[in-house]
Amino acid sequence: MLVIDGVEISTAGGHYAVIGMAPSPYPLAGEARDVVEDVARLGGFGVVSHGDSPDPELRWTNWTEDVDALEWLNLGTVWKQATGVQIARASISYWFRPPETLALPMARPIAMFERLDRLARTRRVVALAATDAHGPLPRSYDACFRTISTRIELDVPLDGHASDDARKVIAALRAGRHYSVVDALGAPAAFEFVARRGSAIVRAGDIIPEGNPLTLEAHVAGPPGARLTLLRDGALVHETGDSRMMYQADGGRAVYRIEVRTSNAPGQPPIPWIVSNPIFVGTPTRSVAAPSPPAPTRVDLTEPGGGPVWHTEADQASVATLTAAAWDERPALDMHFTLGAGPAKSQFVALVLPMPPDFASRDRMTFRAWASGPLRLSVQLRKRGHEDPPRWRRSVYLDQTPRTATVVFDDMTPVPPNLIPAPPRESIGDLLFVLDTTNTAPEATGEIVFTDVALERTGR
């Protein structure tokens with residue numbers, strides 16, 4: 001057995017399962033978009049876990065991010081949605097036919113397939129099926145592993161060297177060289193899906209340029225009644241009851257994938273038996289970006305002048321000191337910090353500036369900064385008031401390389417327990433640069449230098 005270690009990261013917008021990632025220099029948590037960005041920077045392969053879960057804390061909510069993959073089927077989610085009748089039947093049949101019983105509540109996950117097909121038109125994304133096994137029943141791991149599986153297609157066989165074999169498996173997952181099987185309905189002896197254009201052979205997960213027509217080919221060794229179905233951009237374009245399919249495609253931009261459907265599949269509509277990864281004809285593209293906004297008007301905050309001044313805040317165990325400095329002959333703010341020791345609870349440090357009266361007319365802020373080591377800084381707005389007033393946040397990555405960051409206020413999200421979706425700019429009291437245990441470990445120490453801190457209004 002080859003075991004590849006990974007991590008399932010809990011974000012504010014769902015769970016992201018990751019393998020192949022370099023060690024992170026700070027805790028990965030917070031907003032989903034920031035976790036996805038950090039995982040990509042660290043070289044990981046990330047999968048949206050149970051994205052359609054009925055549990056709001058588990059459901060994925062940020063589908064605009066460049067995720068690597070998603071689970072089109074999650075066995076844990078299937079059973080969260082099971083009916084009382086299905087659970088009652090399973091309590092008896094599980095002891096005689098465990099895999100078949102675990103498959104009983106399955107049905108075609110319409111919403112997740114629609115999500116997959118929609119995403120694949122705008123970015124390269126692949127799909128897997130997941131057991132999400134947590135062992136609540138006797139023999140449950142064995143039963144889960146025999147209910148659904150991901151079959152990986154390797155260019156070079158595994159040779160028994162764990163590190164090398166792990167790299168091969170992770171590379172195949174990244175490349176989309178795999179397909180999902182509901183093994184409880186039967187285990188295929190063979191399945192293949194390729195496209196051909198001239199002498200070029202294109203496999204699942206690949207992108208081929210738009211252009212001349214191409215031939216899509218699929219083959220399955222399956223039970224009687226199995227049907228190969230070809231979908232283009234999520235819509236059925238060809239179906240056959242034969243074990244082989246050939247389809248002439250026009251070469252225009254499209255996303256093709258195969259489903260194999262069987263007559264014994266449970267659910268209304270029935271769950272597919274096999275699901276391939278897509279073949280992309282033409283590079284997936286997002287919508288055309290909106291024109292750049294007019295040049296913004298700026299209010300410099302690095303040196304507020306005769307108005308409010310920057311100061312620090314921290315919990316009783318943490319320390320933050322602020323020094324006025326110069327960077328490239330420009331005024332700068334130099335903050336040294338140490339988070340308190342002990343378990344991660346409420347340790348934090350912050351650089352704070354009360355906002356000017358005309359803050360409501362501003363729609364974003366910019367600053368340039370560098371840090372003594374990699375970290376994620378939370379830019380926050382705090383409402384005027386007392387006793388922990390509501391806050392909104394947007395985090396940015398910093399390291400030893402100076403970089404400019406822009407934070408659009410309408411992109412900020414509420415800091416729990418605050419539920420107000422957008423910051424009411426007319427009642428904002430403070431701007432904060434925060435380090436807390438969301439992305440900073442207790443006892444962490446370092447330095448951040450800021451310059452060119454400004455409020456902006458785009459003029460729209």
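Helices (H or I, at least four residues) and strands (E, at least two) are DSSP runs, numbered from the N terminus. This is a predicted model, in which local features need pLDDT of at least 70 and side-chain atom pairs count only at pLDDT 80 or more, while totals for chains, interfaces and linings use all residues. Residues are numbered from 1 along each chain as its sequence is written, and side-chain values use heavy atoms, with hydrogens and water left out.

**The cavity**
- On a 1 Å grid over the protein atoms alone, a cavity is a set of points where a 1.4 Å probe fits but cannot get out, a pocket is an open set with protein on both sides within 12 Å along at least five of seven lines, and lining residues have an atom within 4 Å of a point.
- The largest cavity is lined by Glu-153, His-178, Tyr-179, Phe-191, Glu-192, Phe-193, Ala-204 and Ser-276.
- Both β7 (178-181) and β8 (190-197) supply at least two residues of this cavity's lining, and β8 gives the most, with 3 residues.

**The pockets**
- Lining the largest pocket are 30 residues, and Ile-4, Leu-128, Ala-129, Thr-131 and Phe-145 lie nearest its centre.
- Elements giving two or more residues to that lining include β1 (6-11), β5 (126-130) and α7 (162-175).
- The second largest pocket has 27 lining residues, with Phe-348, Gln-380, Arg-391, Val-434 and Asp-436 nearest its centre.

**A charge over a ring**
- Arg-41 lies over the face of Tyr-397, at 3.5 Å from the ring centre (the rule asks for NZ of Lys or CZ of Arg within 6 Å of the ring centre and within 35 degrees of the ring normal).
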